[in-house]
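Please keep the sequence and the model open while going through the points.

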Amino acid sequence: MKNYSVVIIGLGGIGSILCEKIFRFLNYLDEVKVNVTLVDGDDFELKNHERQEFSMLGNKAEVKANDLKYKFDQISVDAIPRFVNPYTIEEIVKEKDIVLLAVDNHKTRNIVSNYCKELRDVTLISGGNELTDGNVQIYIRRGGRDLTPDLGAYHPEIQSPRDRTPEEMSCEELSKSEPQLYFTNLGAATLMCWVFYNVVVKENYKFSEVYFDILTMLSDSKVRILTK
Amino acid sequence: MRHYSKVQLEGMTVAELRSKCVYELSIPGMSKQRKSDIIDAILERVGVAPEPVQTPSVTAIEASFQSTLTKPDARKGDKTTTTIRVSCGASSGAFDVAGKSVGAVADFLREVLNIDSLASGIVNGEHVNDSYVLKSGDNLEFLKPAGSKGC
């Protein structure tokens, strides 16, 4: 029997959609034991309801874990109601984990990607979006070797992030959020599901990144080489 | 007397055509005629102007998808496609840009592929500078920054 240890970091616009779809898929897999850890230090508030679905107010990880464990009873669910930072990352991501990263800042992407570089076996799938377009990156390590470039290798904005984690931002900064489109979050979540199936189930490691654009109704996957 | 093309006349309303017959062209008996009959009458009176040349609104991407280049040394009829795949984010296409520099291609395709002015070029997976000259078989990508939001 296979074991999947899945960690979903960020339960906002992308992550709250993504986890519902991933849970449904994983719940009905044969011969696979699944544990999912949901990670988010943020609380669900009514103002988020436009793009996010939670059954009640409260910490997103805890509320969503509670919602999903009753809907999908074949999956063991844990909640970590904390943000990722250089200190918490060790508790959150472990060897052989499949990490689904759906956060809203490059600083956290940098922290997670750099931490994954230190692991022997890990799968990191990271999604992000702007108003009407976005991308999903795939970072895979097996046996202590990179099979695809890390998140920062082709993205200087992640390699040297200028933004900050939610913990580093003031309440005023946190309360200001740029407009986002539910369908774009849905697009990013859907592509992350495609990538999950390709990488985790089919073990297809050819692609490193896929972009999508709602306005042109296009998506394009990229093959990248490992940088020296 | 002004000439009209059939396309111009078909773009007018019946009332406009009838008015033209009465006040401009002095064509009698058109008050109860159908549009096609009125147009025929006008064309008979004024003569047919050449149809305006219809330039299809083909975008650069569409055009480039169809573009092929015959090699100068190719035999007669021996067409060889030497287009290069160029992409930026989700947009991509095959373009006839072999022999051109990455910087020139960026300028040429900036609007078509929505290439940021600061986007760096990657050829066959490796970073290159703007002066790199593209060769047949190259694959050029202009890096689009990763989406920053998601929560």
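1. Basis of the model. This is a predicted model, in which local features need pLDDT of at least 70 and side-chain atom pairs count only at pLDDT 80 or more, while totals for chains, interfaces and linings use all residues. Residues are numbered from 1 along each chain as its sequence is written, and chains are lettered from A and ligands numbered from 1 in the order in which they are written.

2. Overall form of chain A. Chain A holds seven helices and 11 strands; helices (H or I, at least four residues) and strands (E, at least two) are DSSP runs, numbered from the N terminus. Its radius of gyration is 16 Å, close to the 17 Å that the globule rule gives for 228 residues, so chain A is as compact as a globular protein of that length. The radius is taken over C-alpha atoms, and the rule is 2.2 Å times the number of residues to the power 0.38. Along the principal axes, the C-alpha atoms of chain A fill a box of roughly 45 × 40 × 40 Å.

3. Burial and contacts in chain A. Of the 228 residues in chain A, 47% are buried. A residue counts as buried if 20 or more other C-beta atoms lie within 10 Å of its own, as exposed if 12 or fewer do, and as partly exposed in between, with C-beta atoms placed from the backbone. Among contacts in chain A with a separation of 6 or more, 67% involve residues 24 or more positions apart; two residues are in contact if their C-beta atoms, placed from the backbone, lie within 7 Å.

4. Strand 8 of chain A.

5. Strand 9 (residues 145-146) of chain A runs antiparallel to strand 8 and is joined to it by two bridges; here A:Arg142 has A:Arg145 as its bridge partner. The hairpin of strands 8 and 9 has two residues between the strands, and A:Gly143 takes a positive phi near 60° there.

6. A helix pair in chain A. Helix 1 (residues 15-27) and helix 7 (residues 182-201) of chain A pack at an angle of about 35°, with their axes 8 Å apart. Axes are lines fitted to C-alpha atoms, for helices over the stretch in contact, and angles run from 0 to 180 degrees between N-to-C directions. The residues in contact include A:Ile17 and A:Leu18 of helix 1 and A:Met192 and A:Phe196 of helix 7.

7. Chain B and its sheet. Chain B has five helices and five strands, and 23% of its 151 residues count as buried. Its five strands form an open sheet in the order 2-1-5-3-4, with mixed pairing. Strand 2 (91-95) and strand 4 (126-128) of chain B stand at the edges, each with a single partner strand, so one side of each is left without a neighbour in the sheet. Strand 1 (residues 84-88) and strand 5 (residues 139-142) of chain B pair in the parallel sense over four bridges, and B:Arg85 has B:Asn139 as its bridge partner.

8. A helix pair in chain B. Helix 2 (residues 14-25) and helix 3 (residues 35-46) of chain B pack at an angle of about 30°, with their axes 10 Å apart. Among the residues making this contact are B:Leu17 and B:Cys21 of helix 2 and B:Ile38 and B:Ile42 of helix 3.

9. Contact between the chains. How many residues of chain B are in contact with chain A? The number is 17, and they touch 37 residues of chain A. On the side of chain B that touches chain A, five residues are nonpolar, eight polar and four charged. Ala, Val, Leu, Ile, Met, Phe, Trp, Tyr, Cys and Pro count as nonpolar, Asp, Glu, Lys and Arg as charged, and the others, Gly among them, as polar.

Definitions and conventions:
Two strands pair if DSSP finds at least two bridges between them.
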